[in-house]
Amino acid sequence: MGERPIAARATDLVKDFDGKRAVDGVSLTVPESSITGILGPNGAGKTTCLRIMLGIIDPSSGTRSLLGHDRPIEIAHEIGYLPEERGLYPAMPTVEALAFMGALRGLPLKEGRSRALKLLEQSGHADWAKRPIRTLSKGMAQTVQLLGTIIHEPRLIVLDEPFAGLDAINQQKLEQLIRDQAAAGVTVIFSTHVIAHAERLCERIAIIAEGKAVFEGDVDEARGRLRPIVHLRTRAKDGPWRDALPRSASLVGGEWRFELPASGPEPLLKALIEGSAGIETLSIERAGLHDAFIAIAGEAAARQMGHVPVSEEAA
Ligand SMILES: Nc1ncnc2c1ncn2[C@@H]1O[C@H](COP(=O)(O)OP(=O)(O)OP(=O)(O)O)[C@@H](O)[C@H]1O
């Protein structure tokens, strides 16, 4: 990563709750103005890691620093946090709720109100300003809470499962908001159990399974751990060419899918041609984060994240 400044760093974090280890040796390096995803199934320890990073709870052992501080609570005004349990005062008009969230982070109420109106306008929700929170849908309230997370213009934002509970359109809007924040120099850390969001947004990821970080690094590096993926359709259903396909190859909707053998494409092509497979379509593509996740964290963790193995998709 060269000389790039580091916005957050965790080293060997461990957290025990009543003798049960919730976090087991997690390390994390987050460059400034990057988007970093913490991926893992429910209960993997993501929330606990984020809370330790934020200084809400202390680790049993290990160290963390946020924007150069090892007591992050002291720089709360520079940090935005969207917790997993969300809550706003139901009777408050939206603009007041936003100004109030800013005030909690040191922003004068007057300034908060004017920023609130601007944020609502920018996100196409100017008409929500006077509506009491209780009249908003759950997804709308979540959007408000998210705007409240950035109203004080923090340098670093931490979002715990920010996409959960949003419909597809609002998920897209949130992805754009995250990109805009990073482009403006804000560092973003978010947790998710949906690999696609991380794949689209993140430069770096940490994959957490049962409290342990099984991977931490660039998304590119994770994807580079697998050889490219072959997608193949043939006219022949069977034949000697089948021996050239790895045992792990799966057939989905008439298409074979497998990691390119270590020997490369040539021997595979030769076997397909000489074995009269009758190639209909063939593509060799870089492995996606999904494939990398399964290779790194294992099928069990992928299943817990709602991933359906390709061999079962067609069933
Ligand atoms: N305050 C606490 N006291 C006792 N156990 C806890 C506490 N907080 C978390 N745990 C336990 O630690 C483990 C990790 O929980 P955590 O909430 O960090 O996971 P997660 O990956 O964020 O999952 P989820 O998305 O479901 O919240 C779980 O087994 C949980 O029950």
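The legends below describe close-up views of a predicted model. Local features are described where pLDDT is at least 70 and side-chain atom pairs count only at pLDDT 80 or more, while totals for chains, interfaces and linings use all residues. Residues are numbered from 1 along each chain as its sequence is written.

**View 1. Two domains and the side of domain 1 that touches domain 2.** The protein chain is divided into domain 1 (6-219) and domain 2 (229-313), with bounds that come from an automatic or database domain assignment. Their centres, taken over C-alpha atoms, are separated by 37 Å. Twelve residues of domain 1 are in contact with nine residues of domain 2, where contact means that the C-beta atoms of two residues, placed from the backbone, lie within 7 Å. On the domain 1 side, two or more residues each come from helix H6 (195-201), strand E8 (204-209) and strand E9 (212-218), and H6 gives the most, with three residues. Helices (H or I, at least four residues) and strands (E, at least two) are DSSP runs, numbered from the N terminus.

**View 2. An open sheet of four strands.** The strands follow the order E11-E12-E10-E13 with antiparallel pairing, and two strands pair if DSSP finds at least two bridges between them. Strand E11 (250-252) and strand E13 (279-285) are the edge strands, each pairing on one side only. Between E11 and strand E12 (residues 255-259) there are three bridges in the antiparallel sense, and serine 250 stands opposite arginine 257 in E12.

**View 3. Helix H9 and the glycine that follows.** Within helix H9 (residues 289-297), the buried residues include Leu289, Phe293 and Ile294, buried meaning that 20 or more other C-beta atoms, placed from the backbone, lie within 10 Å of the residue's own. After H9 comes glycine 298, whose phi is positive, near 95°.

Notes. Buried ≥ 20, exposed ≤ 12 C-beta atoms within 10 Å, placed from the backbone.
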